[in-house]
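Take a look at the structure below. The paragraphs that follow walk through its sheet, its cores and a few side chains.

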Amino acid sequence: QVSDDDRVDILQDVSDDTREKLLDLVEPDDIEVTKSLLKYEENTAGGRMTTHFGSVSSGMTVKEALEHLRGQSEETESFTRVYVLNEKDKLCGYIRFRDLAFNSRETKITDFMRSVKRYILASADQEAAAQLVSKYDLFVLPVVDEQHRILGIITHDDVVEILEEESTEDMEKMAGFSGEGSE
């Protein structure tokens with residue numbers, strides 16, 4: 001199975017006709033996410049993010065959070081950071097998965113959640129996302145909309161791809177190529 005961010009990368013690189021044919025092959029469970037990610041430009045944080053991240057509600061206890069995350073385990077790309085959302089799906093913090101193991105089952109998530117200091121808007125350039133991850137040595141970077149609702153995450157693997165592409169683009173410019181041609 002192809003991750004949603006990789007699937008969108010492929011679909012962004014083909015003609016409109018081919019994209020429509022390939023979209024017909026996408027699993028019904030994945031089509032809505034795929035179409036929503038396609039609305040972001042290829043070179044933006046939103047175009048690079050994956051929507052498969054762990055999240056819990058700020059009102060949950062450790063027990064409730066673990067039960068909730070069990071249901072997300074098949075499709076979640078990373079549990080390095082589990083994001084805490086309020087009732088309006090706004091990003092209000094994060095927890096580490098190991099925090100769940102070392103707190104009693106009755107403990108509220110808000111008692112030990114940490115604040116999110118670094119995030120990026122979905123409309124921001126992918127290179128800005130890569131620079132944030134590199135500069136602050138982040139495992140994952142949350143991607144949010146203008147209302148501070150979390151939309152997805154950019155992983156360290158995504159950053160490696162972004163930096164490789166940007167480096168190739170820079171070398172092509174120095175060599176006098178436009179970088180717009182087929183790879």
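Two strands pair if DSSP finds at least two bridges between them. Helices (H or I, at least four residues) and strands (E, at least two) are DSSP runs, numbered from the N terminus. This is a predicted model, in which local features need pLDDT of at least 70, side-chain atom pairs count only at pLDDT 80 or more, and totals for chains, interfaces and linings use all residues. Residues are numbered from 1 along each chain as its sequence is written, and side-chain values use heavy atoms, with hydrogens and water left out.

Start with the sheet. Strand β5 (residues 140–144) and β6 run antiparallel, joined by 5 bridges. Val-140 stands opposite Thr-155 in β6. Val-143 has Gly-152 of β6 as its bridge partner. The hairpin of β5 and β6 has 5 residues between the strands, and there His-148 takes a positive phi near 70°.

The open sheet has 3 strands, in the order β4-β5-β6, with mixed pairing. Its edge strands, β4 (120–121) and β6 (150–155), each pair on one side only. Is β6 enclosed or open, then? Buried means under 20% relative accessible area, exposed over 50%, and partly exposed in between (1.4 Å probe, protein chains only). Because 5 of the 6 residues of β6 are buried, the strand is largely enclosed by the rest of the structure.

Next come the cores. A nonpolar core is a set of buried Ala, Val, Leu, Ile, Met, Phe, Trp, Tyr and Cys residues joined through side-chain atoms within 4.5 Å. The largest one has 16 residues, and those touching the most other members are Ala-45, Met-49, Ile-120, Ala-129, Leu-141, Val-143 and Ile-154. Two or more residues of this core come from each of α7 (126–135), β5 and α8 (156–175). The largest share, 3 residues, is from α7. Another core, of 12 residues, lies apart from it; Met-60, Ala-65, Leu-69 and Val-82 are among its members.

Now turn to helix α5 (residues 62–72). Its buried residues are Val-62, Ala-65, Leu-66, Leu-69 and Gln-72. Seen down the axis of α5, they fall within an arc of 115°, so they line one face of the helix. That arc is of the directions from the helix axis to the C-beta atoms. An α-helix has 3.6 residues a turn, so residues three or four places apart point the same way. On the other side of α5, Arg-70 and Gly-71 are exposed.

Strand β1 (residues 53–57) holds Ser-55. Ser-55 counts as buried because its relative accessibility is 12%. Leaving out residues up to four places away in sequence, Ser-55 touches His-68, Leu-69, Gln-72, Val-82, Tyr-83 and Leu-85. Contact here means heavy atoms within 4.5 Å.

Finally, the rings. Rings of Phe, Tyr and Trp (its six-membered ring) pair if their centres lie within 6.5 Å; planes under 30 degrees apart count as stacked, over 60 as edge-to-face and the rest as tilted. The structure holds 1 aromatic pair. Phe-53 and Tyr-83 form it edge-to-face, at 6.3 Å centre to centre and 75° between the planes. The pair links distant parts of the chain, with Phe-53 in strand β1 and Tyr-83 in strand β2 (residues 78–85), 30 residues apart. Both Phe-53 and Tyr-83 are buried.
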